[in-house]
Amino acid sequence: MNDQLTESDIRKIQEEIDYRKQVVRKEAIEAVKEARAQGDLSENFEYYAAKKDKNRNESRIRYLEKMIKTAKIISDDSAEDEIGLNNTVTIYFEDDDETETYKIVTTVRGNSLDGRISNESPLGKALMKHKVGDRVYIDTGNGSGYYVVVKSIEKTGETESDTLRSF
């Protein structure tokens, strides 16, 4: 696993684990008990659905606990004029003649549909530590790639909308 996580990511993961253990687990156990009380388990769809939900929650808890155990803790600090974690960057794609804005986040918060790209993605990795005006080559593998120009960097920091990606 060895995801790169910030202290804030660890805190949010621990909050989800605590919520799942204290709230979701109790609700799931109660749902299983109620479904079991309905009688014949061989044809009891509610029982199987409740067991499946309970098992899904336990699996998520184990996954998150393993993520914390194996995580590589990284800092989200960067120089004032450099691209770093939790910064919003506007870049110009030379080949497409288009400008786009992204927020650089850790893998567990990445969501390209929401304008958040991972610091471990080819684009995120290449942009890290660059400054406004830098022309950056993005290697897409197989000897191909493209150039972008950094137009602006905004030190936005972390926000509440930076939720963890569910699996």
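Modeller: A salt bridge is a side-chain nitrogen of Lys or Arg within 4 Å of a carboxyl oxygen of Asp or Glu. Side chains of opposite charge can pair when their charged atoms come close. In this structure, Glu16, Arg20 and Arg60 are linked in a network of salt bridges. Please note that this is a predicted model, in which local features need pLDDT of at least 70 and side-chain atom pairs count only at pLDDT 80 or more, while totals for chains, interfaces and linings use all residues. Residues are numbered from 1 along each chain as its sequence is written, and side-chain values use heavy atoms, with hydrogens and water left out.

Biologist: How many salt bridges does a search of the whole structure find?

Modeller: The search finds 9. One of them joins glutamate 16 to arginine 60, at 2.8 Å from N to O. Glutamate 16 is in helix H1 (residues 7–36) and arginine 60 in helix H2 (residues 45–70), 44 residues apart. Helices (H or I, at least four residues) and strands (E, at least two) are DSSP runs, numbered from the N terminus.

Biologist: Are glutamate 16 and arginine 60 buried or exposed?

Modeller: Buried means under 20% relative accessible area, exposed over 50%, and partly exposed in between (1.4 Å probe, protein chains only). Both glutamate 16 and arginine 60 are buried. Lysine 21 forms a salt bridge with glutamate 65, with the closest N and O atoms 2.8 Å apart. Lysine 21 lies in helix H1 and glutamate 65 in helix H2, so this pair ties together parts 44 residues apart in sequence. Lysine 21 counts as partly exposed because its relative accessibility is 31%; glutamate 65 is partly exposed at 29%.

Biologist: How should I read the sheet, and what is the order of its strands?

Modeller: Two strands pair if DSSP finds at least two bridges between them. Here an open sheet of 5 strands has the order S5-S4-S3-S7-S6, with mixed pairing. Its edge strands, S5 (116–118) and S6 (135–141), each pair on one side only.

Biologist: Which strands pair with S7?

Modeller: Strand S7 (residues 144–154) pairs with S6 in the antiparallel sense over 6 bridges, and tyrosine 146 is the bridge partner of isoleucine 138. Strand S3 (residues 88–93) also runs antiparallel to S7, joined by 6 bridges, and threonine 88 stands opposite glutamate 154. S6 and S7 form a hairpin with 2 residues between them, and asparagine 142 in the turn has a positive phi of about 55°.
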